[in-house]
Amino acid sequence: MNIIYTLYWDRGGANMATHAVLEALGVPYKLIEIDLTKQMQKTPEYLAINPNGKVPTLKHNEQVIYESSAILMYILDQHPESGLAPSLNSPKRGYYYQYLIWMSNTLQEAVDRWAHPENYISGDADLKQIKDKGNQALARCWDILNTDLGQKGPWLLGDELSGADFHLFMITYWSHGYDSRAEDWPNLRSHIQAMLKLDAIQNMLAQEGLSFEC
Ligand SMILES: N[C@@H](CCC(=O)N[C@@H](CS)C(=O)NCC(=O)O)C(=O)O
């Protein structure tokens, strides 16, 4: 089979959603590991394709794309038959954009403040304050998602599974080790449990050497 996509990844990194979507699509793809513990993201070769020095990065034909939610939307637009992205004229398309962009710049930003307060201030003195504020912001995000899933569920777009659910699963997985764990909100817990039933999620977890029970 001809490889269509190449995904640069690290175990449990922001590549998880894309990786699971590639599994769901069943398209030929190749994984190239960028081991963050070995600082492989900072090599000149990798920086040449992703100047941010972060994973994931996707190669498709001659095109190179970074930023996890953009990669996910891009791939799903190549495969409209999958039904994992609402069509352009569907009213759900707006919510699909809303959740993916909001998860990238609000939910992931709260995660970053909690998990990496050192990115926001020099020295150790005020790290705890940044972490606490990140934690509060994260809890507010979980409240919003828990309410939305309660009103619409079982998926973010109601009865339609979409790429946005894969992205959400990735962040809920990360939060397992946080003070604000998604799984402690009942509708988010149901969402995680439903995602864990998908072969694509199980395949991705196995290939990345991860496990998650909830
Ligand atoms: N907003 C980016 C965030 C990517 C990101 O933060 N990736 C982390 C792993 S989860 C990374 O590569 N960190 C390495 C570093 O910062 O040196 C995305 O969603 O693609």
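Let's start with Leu138, which sits in helix α5, the helix covering residues 127-151. Keep in mind as we go that this is a predicted model. Is Leu138 buried or exposed? Leu138 has 27 other C-beta atoms within 10 Å, and the cut-off for buried is 20 or more, so Leu138 counts as buried.

Who are its partners? If we set aside neighbours within four places in sequence, Leu138 is in contact with Ala110, Val111, Trp114, Tyr178 and Ser180. There is also a C-alpha separation to note: Leu138 and Gln108 are 30 residues apart along the chain, and their C-alpha atoms are separated by 8.6 Å.

Now, on to a helix pair. Helix α1, residues 16-25, packs with helix α8, residues 199-207, at an angle of about 125°. Their axes are 8 Å apart. With that angle, α1 and α8 are therefore oblique to each other, and their crossing is right-handed. Which residues make the contact? On the α1 side, we have Met16, His19, Ala20, Glu23 and Ala24; on the α8 side, Ala200, Ile201, Asn203 and Met204. Sorted by class, the residues of this contact are six nonpolar, two polar and one charged.

Terms used. Residues numbered from 1 in each chain as written. Predicted model: local features only at pLDDT ≥ 70, side-chain atom pairs only at ≥ 80, totals over all residues. Axes fitted to C-alpha atoms, helices over the stretch in contact; angles between N-to-C directions. Helix = DSSP H or I, 4+ residues; strand = E, 2+ residues; numbered from the N terminus. Parallel < 35°, antiparallel > 145°, perpendicular 65-115°, else oblique. Left-handed = near helix turned anticlockwise from the far one by under 90°. Contact = placed C-beta atoms within 7 Å. Nonpolar A, V, L, I, M, F, W, Y, C, P; charged D, E, K, R; others polar. Buried ≥ 20, exposed ≤ 12 C-beta atoms within 10 Å, placed from the backbone.
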